[in-house]
Amino acid sequence: MLLEIKDLNVSYKTVNGVASILEDFQLQMQEGQIVSIVGESGSGKSTLGQAVTKLLPMSGIAEGQILLNGTNIVKLREDQMTEQRGTEVFMIFQNPLNSLNPVKRVGSQLIEAINIRNTRKKENLTEELMYEEAVETLKIMRLPDPDEIMKRYPHELSGGQVQRVVISMAIILKPKLLIADEPTTALDVTIQAQVINLLKQLNREYKMSIIFITHDLSLAYVLSDRIIVMYAGRIVESNPSESLIKSPLHPYTDGLLKSVPTDYKTSGTLFSISGSPPSFFDMPVGCRFNLRCPKVFEKCREEEPKLRGRTDGSSVRCWLYE
Amino acid sequence: MINETNKIKNDSESKLIRKRRDRSNFLKLMSKDKTAIIGMVIVVAFLGWSAIQGLLEYLSGYTGYSYLSYILLPSNPFHTVLADRLLAPSSKTVWMWFGTNFEGESIFSRMLYAMPRDALVSVIVVFSAIAIGAILGIAAAYRGGWLETIIMRLTDSFLAIPALILVIAISIPLRATYSGVILGLSIVWWPTYTRFFRGQVLRVKNMDYVQAAKINNVKPRNFFIKYLFLNSIDPIIAYAALDFGNVILTYSTLAFLGIGLSVPIPELGAMASNGLQFLPADWWYSFFPGISILIIVIGFVLVGDRYQDLINNRIDY
Amino acid sequence: MNSALILYIIRRTIYAVVSLLFIITIVYLLIHAVAPSPLALAKVYAGPGHTSKSQLLAIIKEYDLNAPLPNQVLNYISNIFHGNLGFDPSFHRPEIDLIGRYLPRTLELVIPALLFSMLLGLYTGAFGASKRRKAGDQVVKGVYLVTWASPPFLVAIFLQVFFAYDLHLLPATGLVNPVLLTPKDVTGFPLLDALIAGDFTYFVSLIHHMILPVVAIGLLSFGIITRLTRASMLDTMESEYFKLGLMKGISRKRAVYTVALRNASIPIVTLLALTFGYAVAGAVVVEDIFSYHGMGWFIVYAITNLDYIAILGTTIIIAISIIIANLAADILYGVLDPRVKLE
Ligand SMILES: Nc1ncnc2c1ncn2[C@@H]1O[C@H](COP(=O)(O)OP(=O)(O)OP(=O)(O)O)[C@@H](O)[C@H]1O
Ligand SMILES: [Mg+2]
């Protein structure tokens with residue numbers, strides 16, 4: 001087991017008190033697996049990634065167990081965590097624009113990453129080799145004029161270029177677990193497809209496990225073995241991709257699937273789930289989705305269902321399946 | 001200039017709205033930090049006392065009843081008893097708490113009597129600086145072009161001379177009176193605020209929300225006050241809070257150098273500096289006035305610090 | 001060095017010169033505002049004490065105070081550029097000579113004090129940020145709050161009483177041990193002159209006398225640097241690039257002192273000139289208390305003697321030094337921050 005998350009709770013201290021974001025989060029990942037996390041904005045996807053890399057904002061608190069190769073990250077000291085970051089786990093942040101150190105050239109930031117891998121794995125690379133590798137990686141990312149880009153400062157690159165530089169760091173470090181937080185937001189469709197293929201390739205060649213965070217169910221489907229759907233900080237459904245798409249269990253997943261623009265030309269309008277996600281300070285009693293659920297009944301408004309495993313390897317949090 | 005440089009963040013409209021909402025529970029937020037409470041207590045006590053005592057002093061001058069001016073004080077601050085000169089502090093009677101000076105006057109009473117003038121200097125100077133700074137800074141940022149160039153060169157020029165020295169240069173020909181010092185300080189104090197306002201407005205100006213207001217033809221007065229001024233003001237308030245302290249420090253330094261009030265009227269800085277010649281034996285002479293300045297200024301800095309942390313989202317709740 | 005940087009430096013230099021012209025004009029106009037007639041102006045120039053009408057007229061003639069205002073301003077500017085700051089009525093010597101004597105001594109105090117306060121401020125600020133909300137942070141905050149908020153003369157007096165009068169560790173007043181013979185004046189800077197003359201005893205005595213004033217000025221001005229460093233470190237430490245640095249596997253300590261401090265020190269550079277101004281203002285009080293005969297002492301002397309020519313001259317010289325400091329800071333900023341050049 002590469003990653004095992006048990007009963008993870010993450011909360012933020014805020015003006016209005018403590019906001020509990022992730023509650024009762026469970027996840028198990030084998031080596032070489034790709035899991036997608038899907039959910040509306042604000043459902044806690046990035047928070048999950050930050051908890052796994054132990055890089056939550058200062059106001060964030062994580063409790064529970066995050067076992068990476070058997071070590072509980074939640075309990076690790078900062079200096080022990082440093083050794084995990086980079087080569088064991090690496091995360092591509094959601095906001096690409098600010099991800100590179102503004103006062104250092106792109107090249108030296110890439111080489112720094114190579115150097116870390118170099119020291120940890122005792123590869124004894126020379127400076128030239130490291131430089132070449134950096135250029136090579138930029139080429140893989142199809143950045144025009146890699147030699148030129150190496151010399152530039154981050155503010156001299158476009159958002160999409162910065163994002164690809166960050167992705168190339170993942171290629172360089174080859175972590176056992178890669179968390180990609182909406183890595184394709186700043187990219188156009190062709191490059192997006194290319195990044196998805198690249199992730200697949202990394203997964204195949206290096207047995208790299210990937211947690212892919214996205215809004216986009218179709219991307220998740222293309223890429224991953226399993227899809228986890230989140231709603232307001234909760235896992236509502238976890239299912240192998242194929243069956244999630246074909247036979248979604250949770251009404252929320254169903255709604256998400258209906259809002260994917262497949263053939264809206266024929267129907268004319270695009271489906272959308274009515275209402276908006278609840279505030280973390282004002283959660284409805286019972287199921288968190290009950291205000292927007294088309295299949296809501298009595299029980300949903302009284303008590304929150306538990307995430308239940310089912311025989312086919314899926315799990316769902318819904319009274320319909322109790 | 002502090003904030004202009006330390007915030008190169010891209011604000012979005014939602015952030016702006018959140019900030020506005022935060023402002024409504026300002027007190028609640030301020031008071032979640034112990035040091036900020038201490039700061040607020042000091043500031044409120046100082047300003048409150050100054051308002052009451054200042055009013056009494058004013059009334060006493062207006063009506064001619066000198067008794068009014070020290071009705072709340074433990075003793076008459078001008079009551080000189082030569083036999084009582086340089087008495088050490090004692091807890092026996094209130095007026096003796098901080099000892100007496102060379103003239104045998106109660107230091108505690110004189111400190112209380114002096115505070116309104118420090119408060120008045122800081123309030124006038126900071127508010128006039130904000131007013132001038134807002135007009136020039138907003139004009140510079142909003143108009144741009146040659147107007148901006150001129151205003152900013154002028155501002156930089158003023159900033160190139162330390163306030164203390166510029167005030168000295170101005171207030172000597174102003175005969176170094178109390179109002180002369182206030183005028184002098186006001187003439188030199190605005191440039192920081194001009195830089196602040198300009199920096200802020202440049203940031204705010206391009207936000208969608210302000211752009212939208214402009215397109216929707218919001219009335220000019222409304223636009224400047226509601227959209228530009230109010231959206232720029234937060235970091236400036238934080239800075240101004242500590243700036244009250246800076247003014248008091250500069251003012252007391254001027255008093256130390258002999259510029260300002262004429263001798264018989266008590267002044268914290270002047271009291272502290274008069275006592276210096278009696279150090280270390282009669283330490284209380286400078287110590288208590290000096291410490292009171294220290295405490296007042298710390299109060300303002302604590303409040304300003306907390307406010308700064310609040311608006312930059314740099315707080316633990 | 002690329003051409004953009006050079007252009008940037010040229011532009012900044014032009015700004016500096018413009019600022020200088022503005023300052024001289026402003027100062028001159030301010031005086032005119034308070035002394036509007038030539039006669040009143042002549043009285044200000046003449047200093048205190050009785051001056052006869054014919055002496056005043058002589059002053060009016062000498063400084064050409066009857067000329068139209070713009071001419072006077074131009075005249076004044078051109079005088080300054082020729083090194084003519086007027087004739088000091090109480091010392092009976094050209095002002096520029098006096099300033100030439102006192103300025104180097106003050107620079108010898110202010111420059112080490114500035115270095116001291118910069119280093120202290122950067123270090124304590126970074127330390128405070130890395131220990132945020134823990135005991136270390138609180139101690140740093142306590143220390144800078146007290147030194148910042150105390151009236152400058154109290155800090156100086158405290159150092160004097162404690163280290164000089166009580167512990168007898170360092171001399172309480174003066175520039176140098178008065179028993180020693182002054183080495184030949186070559187550069188105007190006593191320290192350099194002592195070195196050139198090879199007079200080691202004199203050099204050490206100078207240093208001894210400098211320590212307390214330097215520490216006093218440094219303590220008075222480091223708080224603002226600590227505060228800004230801490231704040232901008234905290235901002236940087238929440239930034240995505242800082243976190244990406246950690247994400248790559250750099251240790252937190254290294255990230256704090258390379259990535260965060262490096263980025264946070266950029267805005268600090270802009271404070272350099274401001275701190276220099278603080279230090280000069282601090283020197284006025286500190287030199288007075290330590291009877292250190294530099295510019296600060298000279299200003300206080302001029303205040304007590306209502307020697308206006310001296311005050312005017314020193315003000316302008318101080319402005320010039322601060323503008324130079326400002327220019328240095330701007331250039332440093334341009335070198336440190338790759339983003340600046342394009343603006
Ligand atoms: N530093 C913070 N302090 C307080 N609350 C926070 C903080 N960061 C995030 N949150 C809250 O936590 C919740 C989850 O945020 P998160 O960034 O994980 O969402 P997300 O699923 O990644 O959304 P998106 O798709 O928009 O990136 C949101 O409601 C957000 O408001
Ligand atoms: Mg996110």
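**View 1. α10 of chain C gives the most to the lining of the second largest cavity, with 4 residues.** This is a predicted model: local features need pLDDT of at least 70, side-chain atom pairs count only at pLDDT 80 or more, and totals for linings use all residues. Residues are numbered from 1 along each chain as its sequence is written, and hydrogens and water are left out. The second largest cavity has a volume of about 70 Å³. Its lining includes A:Lys104, A:Glu112, C:Tyr241 and C:Lys248. Two or more residues each come from α3 (106–121) of chain A and α10 (240–248) of chain C. By class, the lining has 4 nonpolar, 4 polar and 3 charged residues. A cavity is a set of points on a 1 Å grid over the protein atoms alone where a 1.4 Å probe fits but cannot get out; lining residues have an atom within 4 Å of a point. Helices are DSSP runs (H or I, at least four residues), and strands are runs of E, at least two.

**View 2. The largest cavity holds about 80 Å³ of space.** Of its 14 lining residues, A:Pro251, A:Cys287, A:Cys293, A:Cys300 and A:Cys318 are the closest to its centre. The lining divides into 11 nonpolar, 2 polar and 1 charged.

**View 3. Ligand 1 has 17 residues around it.** An oxygen atom of ligand 1 lies 2.5 Å from a side-chain N or O atom of A:Thr47. A polar side-chain atom of A:Ser46 is 2.6 Å from a ligand 1 oxygen. α1 of chain A supplies the largest share of the shell, 3 residues.

Notes
Chains lettered and ligands numbered in written order. 1 Å grid on protein atoms, 1.4 Å probe; cavity = no way out; pocket = protein on both sides within 12 Å on 5 of 7 lines; lining within 4 Å. Points joined across faces, edges and corners; volume = space filled by probe spheres on them. Nonpolar A, V, L, I, M, F, W, Y, C, P; charged D, E, K, R; others polar. Near = heavy atom within 4 Å. Polar contact = N/O pair within 3.5 Å; in protein donor to acceptor, adjacent residues only side chain to side chain.
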